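Please read them alongside the sequence and the model.

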Amino acid sequence: MSISQRIENLPVKRFHYILLISAGLGWMFDSMDTGIISFVLPVLMKTWGLTPEQVGNIGSVGLLGMALGAILSGSVADRIGRKKVFAFTLVMYSLATGLCGLAWSYSSLLFFRFLVGFGLGGQLPVAVTLVSEFTPAKHRGKFLVLLESFWAIGWLLASVISYLIIPNYGWHIAFFIGAIPALYVFYLWKYIPESPRFLEEQGRIQEAEAVYRMVAGEAGFDVKDSRIDKKVKRERELPKQENPNTKVLHRVTVAELFSRKFLRRTVFLWLLWFGIVYSYYGIFTWLPSILALKGFSLTKSFSYVIIMTLAQIPGYFSAAFLVDRIGRKPTLTAFVLGTAMSAYFFGQGNSVTMILIFGSLMSFFNLGAWGILYTYTPELYPTRARGTGAGWAAGFGRIGGILAPMVVGRMLGAEIPTETVFLMFAGVLILVVFNVLVLGEETKGRPMDEL
């Protein structure tokens, strides 16, 4: 069997949990950096006298960077490897977040947020591709949803940092804390190997075999051993052996994503990403500001968002429980529909009780849907096209994220009630449900390269 086939048949090993936590920490830092700006925006509205339209532009420019980062990093990851792109994007968005703390004007903050977005958008599809290519088919859904669950931890961390730091020390310090994850790259580079599927596709059979032996826990390849890279290098220096089951396939082009073979999947994923990203960033980028506009103080707005963020964690875990049991399509349909209904009733809420209940349900369902989205995406393309396909789907989805904060900003600037804003989001999510039902295909338990 090829190395890819052997990976599909492996039981879950200690390495898989270490990889999940290692990649999950990177995911958590992504979320923390994204969340910090949401809590800084209502402060900047008062400090800099920003209009709702300008606040929307700050959210949108980060999404523009994420779109470009996702498209470019996915294609580059199919050429030079997942690990290198993961490490580079981690350093980039962390340092750029620190630079946001030095922003001296609206224009400078826009520029730095673009750089943050470029790094964030580049890392997410590459990270999920890396984890998916190490994980056996029977457990892939659970692992990828659990990877996405680190987003809730990062957002919660951003909430706590903002709650404790911004009122007492100012918004600059919150951004400086967001630069700390750059140090994590040293651990990542030392302990996380390159994807063996990628190495196999590149014809680097000895290196792929060495990584597989390490994942399988064979003698001499301890996952905690810091000399993994040296051992892989030694394997590379052995006399070259060809694996008769392995072919080095040509790299996919963007045009091929719309070939007859991939067209339905590409259209499905692009629409799915657009709708989910549009609703998420339109709602959660503005959530602290919307609560402030409803008359709550900044401190109360931040504390309410922390409560809603806590609901994301059981949302992820319930999605992780269901996605490998009842499948991707029914689980995703249920969670997106739940988000639509919660968004509608949240918009109608005037009391603290309604806001907290339906805001928490909105977080529960929306972030569970995100976990399934990241599970679904890499499963619909083969190894040679996985980074490119996932990157372009995420990149197109970010267009929705670019539009949504601006649309909300202009709606609020025109004094359109928040009830109408959330009715609009509920409508978009209903269209997403129809997309899943009509174009989606079930991938539960199927080896990735057989699809």
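In which kind of crossing does H4 pass H5?

1. The crossing of H4 and H5 is left-handed, that is, the near helix is turned anticlockwise from the far one by less than a right angle. Helix H4 covers residues 82–100 and helix H5 residues 106–134; they pack at an angle of about 150°, with axes 8 Å apart. H4 is therefore roughly antiparallel to H5 (angles over 145 degrees). Axes are lines fitted to C-alpha atoms over the stretch in contact, with angles running from 0 to 180 degrees between N-to-C directions. Helices are DSSP runs (H or I, at least four residues), numbered from the N terminus.

2. This is a predicted model, in which local features need pLDDT of at least 70 and side-chain atom pairs count only at pLDDT 80 or more, while totals for chains, interfaces and linings use all residues. Residues are numbered from 1 along each chain as its sequence is written, and side-chain values use heavy atoms, leaving out hydrogens and water.

3. A nonpolar surface patch of about 930 Å² includes Leu 337, Phe 345, Leu 431 and Phe 434. Helices H16 (328–348) and H19 (418–439) each give two or more residues to the patch, and H19 supplies the largest share, six residues. Patch members have over 30% relative accessible area and no salt bridge, with nonpolar side chains joined within 5 Å; a salt bridge is a side-chain nitrogen of Lys or Arg within 4 Å of a carboxyl oxygen of Asp or Glu.

4. Leu 431, in helix H19, is exposed at 60% relative accessibility (exposed: over 50%, 1.4 Å probe, protein chains only).

Conventions:
Patches are made of residues with over 30% relative accessible area and no salt bridge: like charges are joined within 9 Å, nonpolar side chains (Val, Leu, Ile, Met, Phe, Trp, Tyr) within 5 Å. Accessible areas come from the Shrake-Rupley method with a 1.4 Å probe; for residues, only the protein chains shown count as cover. Buried means under 20% relative accessible area, exposed over 50%, partly exposed in between (1.4 Å probe, protein chains only). Angles under 35 degrees count as roughly parallel, over 145 as roughly antiparallel, 65 to 115 as roughly perpendicular and the rest as oblique.
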